[in-house]
Amino acid sequence: MDRLRRYWTRTNSWVKAVLLAACILLSLHVLVLRWITVRSTSMFATLVPGDLVGVQRWPVWTGFERGDVAVFRDPLEDRHLMTNRRLLVKRIVGLPGDRVELRKGRLFVNDVPLHFPDETRSYLVRLKRGTDPQALLRELGLPPAFVPADRSVIELALNDSMARVLEERPEVVQAQVMSTASGAPRHIFPFSPYFKWNGDNYGPIAVPAKGDTVPINVATIPMFDRIISRYEGHGLEADRNDLRIDGVKATHYTIEQDYYFVLGDCRHYSADSRYWGFVPADHLVGRAGFILLGSDAGARPGGRWFRSL
């Protein structure tokens, strides 16, 4: 310690200033605020590709609330170090202990309907012949590759107010809500024939909370196997009709940390908890608090810079 003190007293004042500034910036980045740029359409129209978003770090320690737009590390990239995983942005709809359900595309949490103003649904938009759909994409803030070019019938993510504005355009014939999904595709979490769900009719599903004791059997293990083996680091194996955790036969398991259920506001264009499961608490990076610089898109003209989320 004395040696460090001597080195510090001999250090040039400009070098000291630079080191102190770097320490302050690093502390702010770790504890207070960081920035991300939105890349995907999964949170459209709350967030538009190109938005620069301020991420508040303190909810990691103070706690998240239902409805927060959360930034977290990709839970599927568990082969990489945590700091090397992609950052994802979704809305927390289910807190630890909540019961989440989608009924014909409508969200219910603990049997109470939950809606967010800018969330979008799929609309079938009919255009007049000769209309370039790329102009609509640019105005809505969607990337050009969102729909094929030279189409007179396109599928767009819209909310009700956006659809009404779109229908007033002279090149638009009609904007109609598309029907909800049917069937039970195999790519829906928890990837089991015991859960016949789809993206619009999903659940009810209980979000695991720290301390919950859950039954472990053939029917339930698809729900919890990733939690046990990947997120909480236990050995999980099947021995004939028995399940073993760390080599010990188990019929129940006690959850070791909190989990969250997240959805994109752009429901039909979002890979979220419906497709890969729960977000572990230790993957959360912060809360998207405000848009510092909005994309030049026209989805919300003149009102997206410095906008609180």
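Biologist: Which residue in S9 is the bridge partner of Arg121, and what makes S8 and S9 a pair?

Modeller: The bridge partner of Arg121 in S9 is Leu158. Two strands pair if DSSP finds at least two bridges between them; strand S8 (residues 121-127) and S9 have 6 bridges in the antiparallel sense, so they count as a pair. Strands here are DSSP runs of E with at least two residues, and helices are runs of H or I with at least four, both numbered from the N terminus.

The model is predicted: local features need pLDDT of at least 70, side-chain atom pairs count only at pLDDT 80 or more, and totals for chains, interfaces and linings use all residues. Residues are numbered from 1 along each chain as its sequence is written, and side-chain values use heavy atoms, without hydrogens and water.

Biologist: What makes S9 and S10 edge strands?

Modeller: The open sheet has 3 strands in the order S9-S8-S10, with antiparallel pairing. Strand S9 (153-158) and strand S10 (172-177) each pair on one side only, which places them at the edges. On average, neighbouring strands of this sheet are turned by 30° against each other, direction ignored.

Biologist: Why is one space called a cavity and another a pocket?

Modeller: On a 1 Å grid over the protein atoms alone, a cavity is a set of points where a 1.4 Å probe fits but cannot get out, whereas a pocket is an open set with protein on both sides within 12 Å along at least five of seven lines; lining residues have an atom within 4 Å of a point. The structure holds 1 cavity of 30 Å³ or more, and the largest cavity has a volume of about 40 Å³. The largest pocket has a volume of about 390 Å³. A volume is the space filled by probe spheres set on the points, which are joined across faces, edges and corners.

Biologist: Which element gives the largest share of the lining of the largest cavity?

Modeller: Helix H6 (residues 221-231) does, with 4 residues. For the largest pocket, S4 gives the most, also with 4 residues.

Note on methods: Axes are lines fitted to C-alpha atoms, for helices over the stretch in contact, and angles run from 0 to 180 degrees between N-to-C directions.
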